Amino acid sequence: MKKLYIFLLVLLPIIQSCDKESEDHSFTTYYPTLELKGDESVSVIYGEDYNDPGCFAEVNGNDVSSDVEITTDFQKNEYGIFTVNYKITNADGYLATSSREIVVINPNDKVSQGYITITNTRDDIDVEYTTSILFNYQGPNTYYVSDLLGGFYSQGRGYGNDYALPGTIKIEDDGTVSLLNSGTCAFGGAASNVSGTYDLENKTFSIKTTYSGYNFNMIVE
């Protein structure tokens with residue numbers, strides 16, 4: 001009995017030490033949240049200023065929007081796709097971030113720009129998706145396309161943006177479509193060919209991309 005009593009006395013300081021250690025390191029933090037004002041993607045006409053609609057930030061129910069750090073790579077007199085980044089950190093160093101896309105458009109160009117609603121098909125299967133694809137003016141007859149597959153995998157099948165295949169196409173003055181360059185998607189590999197016809201008067205088109213042995217069709221009627 002005496003030996004057991006001594007053993008308990010030895011354990012007691014250890015237990016007390018652990019409780020004290022946990023007590024010293026426990027704390028409560030309130031995580032920051034960000035909410036964009038306006039749309040996630042906005043269009044700006046080439047040569048015009050970009051006016052940011054802002055971002056609402058909150059910590060523990062308090063409006064801390066004035067503490068949000070805002071940075072952007074937007075260039076007023078350049079075509080392209082730019083980003084606005086928002087960031088806020090709470091008192092304990094926890095970070096919240098968000099972003100917005102800026103698409104610069106040429107309103108005088110004959111080709112539709114911005115996000116275009118299309119019908120998407122793949123030649124070998126009987127399935128059709130309605131998706132939204134970005135066409136961005138890069139210079140005369142040259143356009144960046146956010147997904148040469150027409151959103152077949154990224155939107156239609158819901159795989160996400162990693163499965164989009166971005167690239168740049170050329171649309172001639174007679175409406176003939178061809179491939180200038182292709183990126184890659186999560187499946188790997190690039191588009192081997194892009195062909196089709198763009199009706200410049202009615203802004204309708206049929207564009208076919210050949211990728212990994214399949215033909216993907218973007219159609220606006």
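In strand β12, Val177 is the bridge partner of Ile171. The structure in which this pairing occurs is a predicted model, in which local features need pLDDT of at least 70 and side-chain atom pairs count only at pLDDT 80 or more, while totals for chains, interfaces and linings use all residues. Residues are numbered from 1 along each chain as its sequence is written, and side-chain values use heavy atoms, with hydrogens and water left out.

The strands come first. Strands (E, at least two residues) and helices (H or I, at least four residues) are DSSP runs, numbered from the N terminus, and two strands pair if DSSP finds at least two bridges between them. Strand β11, residues 167-171, pairs with strand β12, residues 176-182, over 5 bridges in the antiparallel sense. Together β11 and β12 form a hairpin with 4 residues between them. Within that turn, Gly175 has a positive phi of about 95°. Strand β12 is also joined by 3 bridges to β13, residues 193-199, and these two strands run antiparallel. Here Ser178 has Ser195 in β13 as its bridge partner.

The next topic is charge. Side chains of opposite charge can pair when their charged atoms come close. A salt bridge is defined as a side-chain nitrogen of Lys or Arg within 4 Å of a carboxyl oxygen of Asp or Glu. A search of the whole structure finds 6 salt bridges. One of them links Lys76 with Asp49, with the closest N and O atoms 3.1 Å apart. Lys76 lies in the loop between β5 (69-72) and β6 (81-89), and Asp49 in the loop between β2 (41-45) and β3 (55-59), so this pair ties together parts that are 27 residues apart in sequence.

A salt bridge also joins the side chains of Asp52 and Arg100, at 3.5 Å from N to O. Because Asp52 belongs to the loop between β2 and β3 and Arg100 to strand β7, the pair ties together parts that are 48 residues apart in sequence. How accessible are the two partners? A residue is buried under 20% relative accessible area, exposed over 50%, and partly exposed in between (1.4 Å probe, protein chains only). Asp52 is partly exposed at 28%, whereas Arg100 is buried at 1%.

Asp124 and Arg122 form another salt bridge, at 2.7 Å from N to O. Asp124 is partly exposed at 45%, and Arg122 is buried at 8%.

Finally, Asn106 is found in the loop between β7 (95-105) and β8 (114-122). Asn106 is buried, with a relative accessible area of 13%. Leaving aside neighbours within four places in sequence, Asn106 is in contact (heavy atoms within 4.5 Å) with Tyr79, Gln113 and Tyr137.
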